[in-house]
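This briefing covers a predicted model, topic by topic. Please look at the sequence and the structure first.

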Amino acid sequence: MSESLTRPATTTPIPVPGAVVPGAVVPGAVVPGAVVLAAQGVSKQYPVPGGVRAVLDCVDFEVVRGQIATIVGPSGAGKTTLLRCMAGLVAPSAGRVVLDGQPITEPPEGLAVVFQDYSRSLMPWLSVRHNVELPLRGRRLAKRERRERALGALVEVGLSGSGELYPWQLSGGMQQRVAIARALAYQSEVLLMDEPFASVDAQTRADLEDLLLGLRQRRGITVVLVTHDIDEAVYLGDVVLVLGGAPTRVEARLSIGLGPDRDQIRTKAEPEFLEIRSHVLAKIRAYRGTGQESR
Amino acid sequence: MARVAATHTRLTGRLTGPLTGRLVGIAVELWLPALLFTGWWFASRGSGSLYFVGLDAILGAFRDDWLGPGAAVNVLSSLRNLAEGFLLAALLGVVLGTVLGLVRPLGDAVSPILEFLRSVPGVALLPIGLLIFGIGTEMKVSLIVYGSVWPILLNTVDGVRSVDATKLEVLRSYRVPAHLRILGVVLPSAAPRIMVGLRTSLSIAITIIVFSEMIGSTDGIGYAILQAQRNFEIPQMWAGMLALGVIGYLLNIGFRGVEQLVLRRHRAMNATPGS
C-alpha cells in the first residue's frame, strides 16, 4: 500500500488500475475487470470576456466494472464539470469519454446521474413513484412493468410504502433515496453521482453511504462519485482520484485496499484508512495552494 | 374584528369538520356585503331621484329581467362569446408562449413586437373589428382573443423560461422524449405563472365582452344595460349592472376553483414547512 501512496502524482492514463499499483490489491478487493467508463484526454474550456478559461486539462482515467471510483478535489476544481462531461450533458472541448467502447456524444442509456440538489432534481408535482417512473416514460414499457420496476427500486433504497407520497413530504435523506431509486429504475450499469450526500446531516449521510455500498454489492453497479469530503471519498472508493491544479488535472490516483465490506466505525478506525485519508488531504492542500497562486 | 373572526374560522375549520368550517368561512365573507346591502336598502327607500332609484325597484327589475327565462338569451349570448374567446386566447397563449419560451432566439426576436401589440388596448381595435366582421359573434370573439391573449402569452413565456435548469438536465440525462418533457415537466413547472396570466386575462375578457356588446351588438348583457339606459328604464339599467357584477363574481369563484385544482400540488408543497 505504501508504495502506491509514495508514488509521485501523475497525469498519465492508467489502463488497468490494479496492475499499475502493485501491492494495492489486497485480498477481498475488487478484482480488476473490464474498463467500462473512460475519460481520455478530457479538456474543457469556457469562453470568458477576453479569452477562454480552462477548467479541465487533459483528464485521463478509467473506471472498472463494479468499482466505486470517487473523485475528490478542492472546491472549484471542475469536479462537476468533469461529471457533466462524463454524463454527456456537456461536450468536452478536447478528448472524449468512452462508455463500453462507445464515445459519448449525448446522454447515453447505460448511464444514470444522481444530482446533488434532490429538492431540485425531483418533480414536486409528481408522487414519489411517478418520479421514479419518469425516466421510463419514454420507453416502450407496459404501464404495469413500469410501475413494478419503480416499486422494486423503491424497496431497494428502503422506501417501500412511500410511493404515493410527494417528495416534499419526505426528509432530505429520503428525497435523495428517491433520486437514487430513479437511477436504479433506469437500470443503467453506471451511476454518476455529483456530491449526492452533501446536503444531508451526518447520520443520514452515513446511512446513504452504506446504502450505496450495499447497492454495489447486490447489483454490481459501477459508480463514479464526486465529493469534496475526503473521508467519504476514501470510505466509499475502490479508487480515489485526486483532482488539482489550475486548470484541473488528475493529480493522484489511489487504489484503496480496504476491501468491499466496510463499516462506518471499524473501517474509519483502520490505520490504512487514516493513512490514505491524511495522504489525500495533504495532496489537496498542496494543489489548492498552487491553484490559488496561478489564478 | 375581521381578524378575530378569520382566526376563529381557521380554528373552527381545524377543530370541527370541513363543512362547519366552510359555513363559518362563508359567513365571515358575507357579513360586510350583507350589512352594506341592508344599508343601501334603507338609505335608498322611497328615493325620489331619477338616477339613483330605490334598491327595491332595482331588485324588482333584477328579478324580472335577470332571473326569469327572458334573461337566458342575453346571459347565454354573453357567456358563450366570453367562453369561446377566453378559451381560444388561453390555447393560443399557452401554445405560442411555450414555443417562444423554449426557442429562446425566436422569443427574443418577436419580443419587441409582442410588447408593442399588447400595448394596444383590445377595445381600441373595436372599429377595425366592426369593419371586418360586422356586429356578429366573430367580431366579439376575435376582440376578446386579441385583448386577452397577451397576459397569458407573456406569462407562459416567462414561466417556461424559468423552469429549473436542474430539472431540464435530469430530463436530458434520462433521455425523456421532448413531448413528455413539455407536458410532464415544463408546463407543470410554469403552471403558477400561466394561472396568473389567465386570471388577468379573464377580467380583460369580461371588460371587452361588455364593451363590444354596448357598441356593436343586438344581444348580450352589455347591450341590455345600454338599451335600458337609452329607454330611461333606470331600475333596469341598475339591475343589468348588478347582474354583471354577480356574473363576474361567480366567474371569479369558478376560476379560483379551477386554479386550486390545477395548482393543488404546488399549494400543498408551499404549505409544507421545510420544503
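A:Gly88 has a positive phi, near 80°, and comes directly after helix 3 of chain A. Helices (H or I, at least four residues) and strands (E, at least two) are DSSP runs, numbered from the N terminus. The model is predicted: local features need pLDDT of at least 70, side-chain atom pairs count only at pLDDT 80 or more, and totals for chains, interfaces and linings use all residues. Residues are numbered from 1 along each chain as its sequence is written, while chains are lettered from A and ligands numbered from 1 in the order in which they are written.

**Helix 3 of chain A**

- Helix 3 (residues 79-87) of chain A is mostly covered, with eight of its nine residues buried. A residue is buried if 20 or more other C-beta atoms lie within 10 Å of its own, exposed if 12 or fewer, and partly exposed in between, with C-beta atoms placed from the backbone.
- Among the buried residues of helix 3 of chain A are A:Lys79 and A:Arg84, as well as A:Leu82, A:Leu83 and A:Met86.
- Helix 3 of chain A lies across strand 1, strand 2 and strand 4 of chain A, and runs at about 120° to strand 1 of chain A. Axes are lines fitted to C-alpha atoms, for helices over the stretch in contact, and angles run from 0 to 180 degrees between N-to-C directions.

**The four-stranded sheet of chain A**

- Four strands of chain A form an open antiparallel sheet in the order 2-1-4-5. Two strands pair if DSSP finds at least two bridges between them.
- Strand 2 (51-64) and strand 5 (102-103) of chain A are at the edges with a single partner strand each, so one side of each has no neighbour in the sheet.
- Five bridges link strand 1 (residues 35-48) of chain A to strand 4 (residues 94-99) of chain A in the antiparallel sense. In this sheet A:Leu37 stands opposite A:Leu99 in strand 4 of chain A.

**The six-stranded sheet of chain A**

- A mixed open sheet in chain A is made of six strands in the order 6-7-8-3-9-10. Its edge strands are strand 6 (111-114) and strand 10 (249-255) of chain A, each pairing on one side only. From one strand to the next the twist averages 20°.
- Strand 3 (residues 68-72) of chain A runs parallel to strand 9 (residues 239-244) of chain A, and four bridges join them. Strand 3 of chain A also pairs with strand 8 (residues 222-227) of chain A, in the parallel sense over five bridges.
- A:Ala69 stands opposite A:Val224 in strand 8 of chain A, and its bridge partner in strand 9 of chain A is A:Val239. A:Ile71 is placed opposite A:Leu241 in strand 9 of chain A.
- Strand 3 of chain A is largely enclosed by the rest of the structure, because five of its five residues are buried. A:Ile68, A:Thr70 and A:Val72 point one way from the strand, A:Ala69 and A:Ile71 the other way.

**Domains of chain A**

- The domain assignment of chain A, which is automatic or from a database, gives domain 1 (2-110 + 189-293) and domain 2 (117-187).
- The contact between them takes ten residues from domain 1 and eight residues from domain 2 of chain A. Two residues are in contact if their C-beta atoms, placed from the backbone, lie within 7 Å.
- On the side of domain 1 that touches domain 2, helix 8 (residues 202-219) of chain A gives the largest share, five residues. That side divides into seven nonpolar, two polar and one charged. Ala, Val, Leu, Ile, Met, Phe, Trp, Tyr, Cys and Pro count as nonpolar, Asp, Glu, Lys and Arg as charged, and the others, Gly among them, as polar.

- Chain B has twelve helices and zero strands. Its C-alpha trace spans about 75 × 60 × 30 Å along its principal axes.
- Of the 275 residues of chain B, 32% count as buried. Among contacts in chain B with a separation of 6 or more, 71% are between residues 24 or more positions apart.
- The contact between the chains takes 20 residues from chain A and 19 residues from chain B. The side of chain A that touches chain B has 13 nonpolar, three polar and four charged residues.

**Confidence**

- Chain B has a mean pLDDT of 85, and 92% of its residues reach 70 or more; pLDDT is the predictor's confidence in each residue, from 0 to 100.
- Residues 1-14 of chain B have pLDDT below 50, and this stretch has eleven contacts in the model beyond near neighbours in sequence.
- The model scores ipTM 0.78 and pTM 0.77.
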